[in-house]
Amino acid sequence: MSHILVVEDSEDLRYIIKSILKKAGHQVSEACDGSEVSQCLAGDPIDLVITDILMPEQEGIQTIVQIRRSNPEIKIIGMSGGGKGGAEHYLEMAREFGAHATMLKPFKKAQLLELVDSLLGASV
């Protein structure tokens with residue numbers, strides 16, 4: 001199966017996403033913000049990164065740009081639930097900076113799995 005990196009500052013949401021993906025048969029790694037992504041990418045090859053946009057140390061847009069530069073083959077899903085500019089604004093920015101897809105939080109399990117399957121179906 002595919003190896004997915006989940007980058008999310010909410011420990012509870014990170015756990016939920018990880019559980020959903022593992023039950024679907026994926027190998028899952030996790031990071032609590034974008035500052036941990038380089039270390040994660042140095043390990044086993046990653047097929048997909050799911051990243052929150054608004055995080056403390058290194059936010060998601062910077063993380064997306066970093067991944068696009070160093071590992072352009074990795075698929076990226078950006079997700080957001082709000083912020084001062086509104087979630088749609090951040091999701092649009094994520095697409096502009098290289099996310100292959102975006103997801104509004106909160107989301108349903110089926111939405112997550114459908115998006116993951118659609119992105120990985122062509123690459124793995």
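Quick housekeeping before the fold. Since the model is predicted, local features need pLDDT of at least 70 and side-chain atom pairs count only at pLDDT 80 or more, while totals for chains, interfaces and linings use all residues. Residues are numbered from 1 along each chain as its sequence is written, and side-chain values use heavy atoms, with hydrogens and water left out.

Okay, the sheet. Helices (H or I, at least four residues) and strands (E, at least two) are DSSP runs, numbered from the N terminus. Here 5 strands make an open sheet, and reading across it you get β2-β1-β3-β4-β5, with parallel pairing. Pairing, by the way, takes at least two DSSP bridges between two strands. What about the edges? Those are β2 and β5; each has a single partner strand, so one side of each is left without a neighbour in the sheet. From one strand to the next, the twist averages 20 degrees.

If you want a place to start on screen, take β1, residues 3-7, which pairs with β2 in the parallel sense over 5 bridges. You'll find H3 opposite Q27 in β2. Then there's helix α3, residues 60-70, which packs on the sheet and touches β3 and β4 (75-80). The direction of α3 makes about 160 degrees with that of β3.

Where do they sit around the helix?

T51 is in strand β3, and it is buried, with a relative accessible area of 0%. Contact means heavy atoms within 4.5 Å. Not counting residues up to four places away in sequence, T51 touches V7, G60, T63, I64, I76, I77, G78 and M79. The other one, T102, lies in strand β5. Leaving aside neighbours within four places in sequence, T102 is in contact with I77, G78, L91, A94, R95 and L115. T102 and L91 are 11 residues apart in sequence, with their C-alpha atoms 6.0 Å apart in space.

On to the cores. A nonpolar core is a set of buried Ala, Val, Leu, Ile, Met, Phe, Trp, Tyr and Cys residues joined through side-chain atoms within 4.5 Å. The largest one has 20 residues, and those with the most contacts inside it are L21, I50, I77, L112 and V116. At least two residues each come from β1, α1, β3, β4, β5 and α5. Which element gives the largest share of this core? That's α5, with 6 residues. L21 has contacts with I4, V6, H26, V28, I50, L112, L113 and V116, again not counting residues up to four places away in sequence. There's also a second, separate core of 18 residues, and L41, M55, I76 and Y90 are among them.

Last stop, charges. How many salt bridges does a search of the whole structure find? The count is 4, a salt bridge being a side-chain nitrogen of Lys or Arg within 4 Å of a carboxyl oxygen of Asp or Glu.

E30 bridges to R14, closest N and O atoms 2.8 Å apart. That pair links strand β2 (residues 27-31) with helix α1 (residues 11-23), the two residues being 16 apart. E30 is partly exposed at 32% relative accessibility, whereas R14 is buried at 10%. K18 also bridges to E30, with closest N and O atoms 2.6 Å apart. This one again joins α1 and β2, 12 residues apart, and K18 is partly exposed at 21%.

Then D52 pairs with K105 at 3.2 Å between the closest N and O atoms. D52 is in β3 (residues 48-52) and K105 in the loop between β5 (101-104) and α5 (109-121), so the pair ties together parts 53 residues apart in sequence. Both D52 and K105 are buried. Shared partners join E8, D52 and K105 into one network of salt bridges.

Technical notes:
Buried means under 20% relative accessible area, exposed over 50%, partly exposed in between (1.4 Å probe, protein chains only). Axes are lines fitted to C-alpha atoms, for helices over the stretch in contact, and angles run from 0 to 180 degrees between N-to-C directions.
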